[in-house]
Amino acid sequence: MTAARDSALLRWLFLAPTMLGVGLFVVLPIVGSLALAFFRWDIITSPQFVGLQNFTEIATDRTVGISFANTAVFVAVAVSAQLVVAMLLAVLVHARMPAWLRVFFRSTFFFPLVLSAASVSILMKYLFNESYGVINWALSLVGIPAVPWLTSPQWAMVVVIAVYVWQNFGFSFLLFIGGLGAIPTEVYEAGAIDGATGWKKFSRLTLPLVSPTLLVASVMAIISALQVFDQPYVLTRGGPGDSTRTVVMVIYESAFRELEFGRASAIGLILMVLIMLVTAAQFRLARRFVFYQ
């Protein structure tokens with residue numbers, strides 16, 4: 001009995017540092033931010049309970065509405081592009097090629113994800129500069145006039161999406177590589193006998209069998225895209241106007257620029273609920289479209 005009690009105590013002692021860290025740096029901040037959503041607080045003065053006032057003000061705030069609309073557009077386009085690019089490249093790399101070349105492509109496509117999003121965005125800001133950027137210089141060689149990539153409402157979001165997809169598709173790419181590697185070769189051999197080649201092979205065999213991986217990749221991609229901050233903040237500061245301002249940018253600005261921490265927490269709570277609803281809807285739809293072997 002004593003040995004069992006000592007063993008249980010030892011297990012709890014090993015778990016204690018992790019549990020303490022999670023409690024202090026994850027659970028406590030989440031609970032605190034949820035509670036703060038119902039208060040008005042600027043750090044300087046004492047918090048004042050305002051009930052649902054923060055939420056009613058958010059509902060009529062034009063900037064918040066625009067940020068949610070921008071985020072929705074960003075998620076729809078960026079996630080779709082990220083998954084399509086990652087899937088296409090994964091299928092191509094998974095095809096017959098020397099092992100060293102396959103390793104090279106895997107490393108190359110994953111490398112941007114290792115880099116800091118802020119440093120990548122700073123570099124891209126120089127590349128897309130209207131006056132001295134490399135992109136416009138290359139376009140000028142073929143007679144195309146300079147494009148105001150970061151100062152035009154029409155092009156700014158395109159650049160933000162392109163930079164985000166370039167840096168993040170590598171994670172989805174590796175997931176798809178793993179999913180493709182798990183498909184039995186016998187399936188493709190049987191499909192070849194039945195005449196499945198090209199697009200038919202991909203749509204009838206590869207896509208259904210890799211659908212569980214596609215579900216995981218889409219869930220993680222959407223959650224990440226809903227919280228996008230670095231790229232639009234560094235590249236455009238949310239401009240021109242509010243054309244690239246996202247929800248997390250508004251949270252940041254409300255908290256650290258305007259010192260309205262209650263308002264920022266309320267927006268964060270809405271975003272958290274939105275993420276949970278979107279994720280739940282994905283898993284609900286997965287019952288109809290995901291094929292498990």
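Close-up 1. Phe 39 is partly exposed, with a relative accessible area of 27%. Keep in mind that this is a predicted model. Phe 49, on the other hand, is exposed, at a relative accessible area of 60%.

Close-up 2. The rings of Phe 105 and Phe 109 are stacked, because their planes sit at 20° and stacking needs planes under 30 degrees apart. Their centres are 5.8 Å apart. Both residues belong to helix α4 (residues 99-114), where being four residues apart puts about one helical turn between them. Phe 105 is partly exposed at 25% relative accessibility, while Phe 109 is buried at 16%.

**Close-up 3. An aromatic cluster, and a charge over a ring.** Trp 41, Phe 229, Tyr 233, Tyr 252, Phe 256 and Phe 261 make up one aromatic cluster. Look at Tyr 233 again: the charged end of Arg 237 sits over its ring, 4.3 Å from the centre.

**Close-up 4. The largest pocket.** This pocket holds about 470 Å³ of space. It is lined by 14 residues, and the closest to its centre are His 94, Ala 95, Arg 96, Tyr 188 and Lys 201. Helices α3 (62-94), α8 (185-193) and α9 (198-209) each give two or more residues to the lining, with α9 giving the most, four. By type, the lining has seven nonpolar, four polar and three charged residues.

Methods: Residues are numbered from 1 along each chain as its sequence is written. This is a predicted model: local features need pLDDT of at least 70, side-chain atom pairs count only at pLDDT 80 or more; totals for chains, interfaces and linings use all residues. Side-chain values use heavy atoms; hydrogens and water are left out. On a 1 Å grid over the protein atoms alone, a cavity is a set of points where a 1.4 Å probe fits but cannot get out, and a pocket is an open set with protein on both sides within 12 Å along at least five of seven lines; lining residues have an atom within 4 Å of a point. Grid points are joined across faces, edges and corners, and a volume is the space filled by probe spheres set on the points. Ala, Val, Leu, Ile, Met, Phe, Trp, Tyr, Cys and Pro count as nonpolar, Asp, Glu, Lys and Arg as charged, and the others, Gly among them, as polar. Buried means under 20% relative accessible area, exposed over 50%, partly exposed in between (1.4 Å probe, protein chains only). Rings of Phe, Tyr and Trp (its six-membered ring) pair if their centres lie within 6.5 Å; planes under 30 degrees apart count as stacked, over 60 as edge-to-face and the rest as tilted. A charge sits over a ring if NZ of Lys or CZ of Arg is within 6 Å of the ring centre and within 35 degrees of the ring normal.
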